[in-house]
Amino acid sequence: MEKKIVVDEDQQKECKFSIETEKKAKNVDIQNDIGSSHEEHKRILQMRDLLETHDHTSKEYDDQTIRRFLRARDLDIDKASIMFLKYMNWRKTFTPNGSISVTEIENEIAQNKMFTQGSDKTGRPIAMVFGGRHFCNKKGGLEEFKRFVVFGLDKLCSRMHAGQEKFVVIGDLQGWGYSCSDIRGYLAALSILQDYYPERLGKLYIVHVPYVFMAVWKMVYPFIDEKTKKKIVFVENKQLKSTLLKDIDENQLPEVYGGKMQLVPIQDN
């Protein structure tokens, strides 16, 4: 099913650079409370029956995975099933061996731009991405970048403890300039996250934001779904450490932000 993009005029105005308030940040993950509802459980069973009529290999997926796709489509069984079947087909073709190996993303790894470290106060694993180190590499191109995105997301998901389904990302734009701008790459990464890893992002902090980045942000913003928008927090430089410490203990905070946790390259996790 082709995804329709609806651009709301008021939403585009919201792209104007502003610091997200604490109140908005607290609106994140409100759907967690419906996880044990009888209605939700009933729909998981109904969706599972529907999926198995189309692809018997859907039996291999647990209820938590199906629930994430249901939540991404507001518990609409038909829409969630279409989304899930698309995901299954994508997974079989994109990762025929079950995962992405480091040898498939060597050019991206060489940019040294994604790290993992610690977890926030709710146990969600944390990743750091340095946007100023990303360049459209000429060797691997967009396809290698997409493999790198999947590699990183799979690594993050593998670090989750039992009962945890979400992760946190700190996107650091220190040193970002137009030479780092990669609209095709940003949109591809966004599509992978929203279409194939629904309900996985817990929060995205965007820090050290240069003014010139907002021109690119305005182009990407209309393609971000409403649930994802609520999880994005722009952090003011002067309030960087204090903002992060609201959700992350100091012993889990990266050293680069005044914490005590050393960064680990994503491939070494």
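Which residue just after α4 takes a positive phi?

Modeller: That residue is Asp-74, with a phi of about 50 degrees. Keep in mind that this is a predicted model.

Start with the helix itself. Helix α4 spans residues 63–72 and is mostly covered. Of its 10 residues, 8 are buried. They are Thr-65, Ile-66, Arg-67, Arg-68, Phe-69, Leu-70, Arg-71 and Ala-72. Note that three arginines, Arg-67, Arg-68 and Arg-71, are on that list. What do the buried residues of α4 pack against? Their partners are the helices α3 (38–54), α5, α8 and α10 (226–229).

Take α5 next. This helix covers residues 77–94, and Met-88 lies in it. Met-88 counts as buried because its relative accessibility is 1%, against a cut-off of under 20%. Set aside the neighbours within four places in sequence, and Met-88 is in contact with Asp-55, Thr-57, Ser-58 and Tyr-61. Thr-57 is 31 residues away from Met-88 in sequence. In space, their C-alpha atoms are 8.9 Å apart.

Helix α5 also meets α7. Their axes come within 13 Å and cross at roughly 110 degrees. The two helices are therefore roughly perpendicular to each other. From α5, the contact uses Trp-90, Arg-91 and Phe-94. From α7, it uses Lys-146, Arg-147, Val-150 and Asp-154. Sorted by class, this contact has 3 nonpolar, no polar and 4 charged residues.

Now follow α8, the other partner. Helix α8 (residues 183–196) packs with helix α9 (residues 213–220). The angle is about 45 degrees, and the axes are 11 Å apart. That angle makes α8 oblique to α9. The crossing is right-handed. Ile-183, Tyr-186, Leu-187 and Leu-190 make the contact from α8, while Val-216, Met-219 and Val-220 make it from α9. Here the classes read 7 nonpolar, no polar and no charged residues.

Helix α7 (residues 141–158) lies across β1 (114–119), β2 (125–130) and β3. It runs at about 15 degrees to β1. The sheet is open and has 6 strands, with mixed pairing. Their order is β5-β4-β3-β2-β1-β6. The edges are β5 (232–234) and β6 (264–265), each with a single partner strand, so one side of each is left without a neighbour in the sheet.

Look inside the sheet at β3 and β4. Strand β3 (residues 167–172) runs parallel to strand β4 (residues 201–207), and 6 bridges join them. Ile-170 has Tyr-205 of β4 as its bridge partner. Gly-171 has Ile-206 of β4 as its partner. Is β4 enclosed or open to the outside? In β4, 7 of the 7 residues are buried, so the strand is largely enclosed by the rest of the structure.

Back to where we began.

Definitions and conventions
Residues are numbered from 1 along each chain as its sequence is written. This is a predicted model: local features need pLDDT of at least 70, side-chain atom pairs count only at pLDDT 80 or more; totals for chains, interfaces and linings use all residues. Side-chain values use heavy atoms; hydrogens and water are left out. Two strands pair if DSSP finds at least two bridges between them. Helices (H or I, at least four residues) and strands (E, at least two) are DSSP runs, numbered from the N terminus. Contact means heavy atoms within 4.5 Å. Axes are lines fitted to C-alpha atoms, for helices over the stretch in contact, and angles run from 0 to 180 degrees between N-to-C directions. Angles under 35 degrees count as roughly parallel, over 145 as roughly antiparallel, 65 to 115 as roughly perpendicular and the rest as oblique. A crossing is left-handed if the near helix is turned anticlockwise from the far one by less than a right angle, and right-handed if clockwise. Ala, Val, Leu, Ile, Met, Phe, Trp, Tyr, Cys and Pro count as nonpolar, Asp, Glu, Lys and Arg as charged, and the others, Gly among them, as polar. Buried means under 20% relative accessible area, exposed over 50%, partly exposed in between (1.4 Å probe, protein chains only).
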